[in-house]
Amino acid sequence: MSAQANRVMALSEWENRWQEGRTGFHRPQVHNLLENNLDKVVCGRKEVRFFFPLCGKAVDMKWLADMGHTVVGVEISEKGIKQFFAEQNLAYNEESVSAIPGAKLFKSADGKISIYQCDLYKFSSAVAGKFGGIWDRGALVAINPCDRQKYATLLISLMNNDCRYLVDTMEYNPELYKGPPFFVSEEDVKNAFANNDGSISRIPGGGCDIELLQSVDGFEERHKSWGLDSLTEKVYLLTPKAQ
Ligand code: SAH
């Protein structure tokens, strides 16, 4: 972790990636770890409101919307958002967002998928309410390591009492690759989301219970060019601690 602690990606660097088509993080298929664990997130509920932090053009948004859920995403790149609607063949409307100066809202014509184009840290429950489900893939691992407390504080503030938050993390040797995605250990998840260090103790509900659901070999061919020879993907289920 310490090897990456001071690494910072500016928003402009993300935008450059989109402009230059360097979006190797995108997957054309629904993420297997979401598919495998969906029952544990949905828990028999209908029409769950899902939040996708740092959504990119994740096809998982359309997959959940087709099941009758609604999705709200936040993404800085307008190009990425427009690619999402084009690639999914979805008509959309574009609006300004009075609560966030400079932000835009891209909403599918059927109203099931809304993507806010803005910096995540400008987003809050005052803009779009709270959520019953969260799918965090390429988000906790993509934010700057120094922002993890701030990120967790925001995400916890977006959770309804019945919210079930699935987060996908990666473990590899951080001496070999500088990220993103950044190395996030179980301890990092606990430090950020469990109420064990005092710094988020003022949050109503006092942080999250954390359960490791799955640990899989996530090593792919493309990781060789990062200088790695192993990578473990772990998904955790976060639920608000009983108040
Ligand atoms: N979750 C997506 C994208 C992962 S890559 C997927 O799994 O495919 C991380 C994404 O977050 C990029 O699309 C980048 O443009 C966006 N991003 C990074 N920092 C952001 C911020 N502070 N606010 C909003 N979007 C951000």
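Is Arg222 buried, partly exposed or exposed? At 30% relative accessibility, Arg222 counts as partly exposed, where buried means under 20% relative accessible area, exposed over 50%, and partly exposed in between (1.4 Å probe, protein chains only).

1. Basis of the note. This is a predicted model, in which local features need pLDDT of at least 70 and side-chain atom pairs count only at pLDDT 80 or more, while totals for chains, interfaces and linings use all residues. Residues are numbered from 1 along each chain as its sequence is written, and side-chain values use heavy atoms, with hydrogens and water left out.

2. Salt bridges. A search of the whole structure finds 14 salt bridges, a salt bridge being a side-chain nitrogen of Lys or Arg within 4 Å of a carboxyl oxygen of Asp or Glu. One of them joins the side chains of Glu220 and Arg222, with an N to O distance of 3.2 Å; Glu220, at 29% relative accessibility, is partly exposed. Salt bridges that share partners also join Glu78, Lys82, Glu94 and Lys104 into one network.

3. Arg148 and Asp188 meet through their side chains in a salt bridge of 3.7 Å, N to O. Because Arg148 lies in helix α6 (residues 148-157) and Asp188 in helix α7 (residues 186-193), the pair ties together parts that are 40 residues apart in sequence. Helices (H or I, at least four residues) and strands (E, at least two) are DSSP runs, numbered from the N terminus. Arg148 counts as buried at 7% relative accessibility, and Asp188 counts as buried at 13%.

4. A pair within helix α7. Glu186 forms a salt bridge with Lys190, and the closest N and O atoms are 3.7 Å apart. The two residues, 4 apart in helix α7, are separated by about one helical turn. Glu186 is partly exposed at 28% relative accessibility, and Lys190 is partly exposed with a relative accessible area of 35%.

5. The nonpolar cores. A nonpolar core is a set of buried Ala, Val, Leu, Ile, Met, Phe, Trp, Tyr and Cys residues joined through side-chain atoms within 4.5 Å. The largest has 36 residues, and those with the most contacts inside it are Phe51, Tyr116, Phe123, Tyr151, Leu155, Tyr165 and Phe193. Two or more residues of this core come from each of β2 (70-75), α5 (125-128), β6 (131-136), α6, β7 (159-171), α7 and β9 (232-240), and α6 gives the most, with 5 residues. Leaving aside neighbours within four places in sequence, Leu155 is in contact (heavy atoms within 4.5 Å) with Phe51, Pro53, Leu120, Ile134, Tyr165 and Phe193. Apart from this core lies another, of 26 residues, among them Leu38, Val41, Trp135 and Val235.

6. The largest pocket. On a 1 Å grid over the protein atoms alone, a pocket is an open set of points with protein on both sides within 12 Å along at least five of seven lines, a cavity is a set of points where a 1.4 Å probe fits but cannot get out, and lining residues have an atom within 4 Å of a point. Grid points are joined across faces, edges and corners, and a volume is the space filled by probe spheres set on the points. The largest pocket holds about 880 Å³ of space; of the 45 residues that line it, the closest to its centre are Trp14, Phe25, Leu54, Gly138 and Ala142. The largest share of this lining, 4 residues, comes from α1. The lining divides into 25 nonpolar, 8 polar and 12 charged residues, with Ala, Val, Leu, Ile, Met, Phe, Trp, Tyr, Cys and Pro counted as nonpolar, Asp, Glu, Lys and Arg as charged, and the others, Gly among them, as polar.

7. The cavity. The count comes to 1 cavity of 30 Å³ or more, and about 30 Å³ of space lies in the largest cavity.

8. Thr169 has its place in strand β7 and is buried, with a relative accessible area of 0%. Leaving aside neighbours within four places in sequence, Thr169 is in contact with Leu140, Val141, Val184, Val189, Thr232, Glu233, Lys234 and Tyr236. Ile100 lies in the loop between β3 (92-96) and β4 (104-108) and is buried, with a relative accessible area of 2%.
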